[in-house]
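Hi everyone, thanks for having me. Let me put the structure on the screen, and then we can walk through a few parts of it together.

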Amino acid sequence: MVGDITEGPECQLKDPMDLFGSGRVVKICAPMVRYSKLAFRTLVRKYSCDLCYTPMIVAADFVRSAKARDSEFTTNKGDHPLIVQFAAKEAQVLCDAARIICPFANGIDLNCGCPQRWAIAEGYGACLINKPELVKDMVRHVRNQIDNPKFSVSIKIRIHEDLKRTVDLCQKAEAAGVSWITVHGRSIEERHQPVHYDAIKTIKQSMSIPIVANGDIKTLKDAENVHHLTEADGIMVARGLLANPALFAGYEETPFKCIQDWVDIALEHGTPFTCFHHHLMYMMERITSKQEKKVFNVLSSTSAVLDYLNAHYGV
């Protein structure tokens, strides 16, 4: 089974739908606020990640402001296949954002899963799972207005207490032309409760488009197990990749080579210190002692971090 997720030549497919048609489980880096930016995407792609998402971007701001576009979205030639995730509540606004992003990415994803209060208060994120007609309308609008047939339109959802409602939402989205659906197997109210992998399997069995499983996948073994439990076509990982960006390549914990790669990539991209440091804190969580953490986590400059890594790990 490990073979299903790790075997074969490195995937060179640039079209997400080709990835899903390859017969392999698609390994995906989740949209993470502040973290799944270009430098980190560059790192996980070196370690067998097939498909990366940007952090969630508010579509209305993105359409309205060039400043927002410049600060929220950066990419380069190697950053593919790439999905840009948007928060939106109006079909035309989502279409306008999709049209702007289309030349630079392989698809967009509509966030229907963010449970944060601010998002729900604004009509974004997880509240959309209770508006299946609106979701259907948004998917259909983008499908009709983007000329490129290879440009994907996906959605990321949470589940309802009554799973029939989730299946109904997914079937409506499928009818509107959604490319695939990522299912985080918790309801809006659930935070740290166990993930309902059985619910993801039920959704998978009710659909004819690819389904991606998401939630509490921290190791490659977890990814294998979740694939077994859900029969999902893809596995999306968030915090597990922060802790170990080499997870999909089969490493149990972050190898020092990966830490060295992060230092090189982050410096090359001019990554702000706080982001650079936070990623290292996550990566070194499992490989440093409490005493080392106390020292490392309060370092306050790039040069101090580089000196520490060189002195302690030869990085």
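Let's start with Met32, which counts as buried because its relative accessibility is 7%, and the cut-off for buried is under 20%. Please keep in mind that this is a predicted model. Where does Met32 lie? You'll find Met32 in the loop between β1 (26-29) and α3 (38-46). If we set aside residues up to four places away in sequence, Met32 touches Phe40, Pro55, Ala238, Arg239 and Leu242.

Ala238 sits in the loop between β9 (234-237) and α12 (239-243). Is Ala238 buried or partly exposed? With a relative accessibility of 25%, Ala238 counts as partly exposed. Leaving out neighbours within four places in sequence, Ala238 is in contact with Ala30 and Met32.

Both residues also turn up in the records. An unreviewed UniProt entry has a "binding site" annotation that covers Pro31, Met32, Val33, Gln85, His184, Ala238 and Arg239. Of these residues, Pro31, Met32, Val33, Gln85, His184, Ala238 and Arg239 are included in the lining of the largest pocket. The unreviewed entry also annotates residues 29-292 as "domain: DUS-like FMN-binding". That span is 45% helix and 14% strand, and its end C-alpha atoms are 28 Å apart.

Now for a strand, β5, residues 107-112. How many residues of β5 are buried? The count is 6 of the 6, so β5 is largely enclosed by the rest of the structure. Gly107, Asp109 and Asn111 are buried on one side, and Ile108, Leu110 and Cys112 are buried on the other.

Who are its partners? Strand β4 (residues 82-87) runs parallel to β5, and 4 bridges join them. Here Phe86 stands opposite Leu110. Getting from β4 to β5, the chain passes through helix α6 (residues 91-101), and this β-α-β crossover is right-handed. Strand β6 (residues 152-158) also pairs with β5 in the parallel sense, over 6 bridges, with Ser154 as the bridge partner of Asp109.

My last stop is helix α11, residues 220-230. Leu220, Ala223, Glu224, Val226, His227 and Thr230 are buried there.

Key. Residues numbered from 1 in each chain as written. Predicted model: local features only at pLDDT ≥ 70, side-chain atom pairs only at ≥ 80, totals over all residues. Heavy atoms only, no water. UniProt positions renumbered as here; feature names shortened; annotations may be inferred. Helix = DSSP H or I, 4+ residues; strand = E, 2+ residues; numbered from the N terminus. Buried < 20%, exposed > 50% of the residue type's maximum accessible area, 1.4 Å probe, protein only. Pairing = 2+ DSSP bridges. Right-handed = clockwise from strand over helix to strand, strands pointing away. 1 Å grid on protein atoms, 1.4 Å probe; cavity = no way out; pocket = protein on both sides within 12 Å on 5 of 7 lines; lining within 4 Å. Contact = heavy atoms within 4.5 Å.
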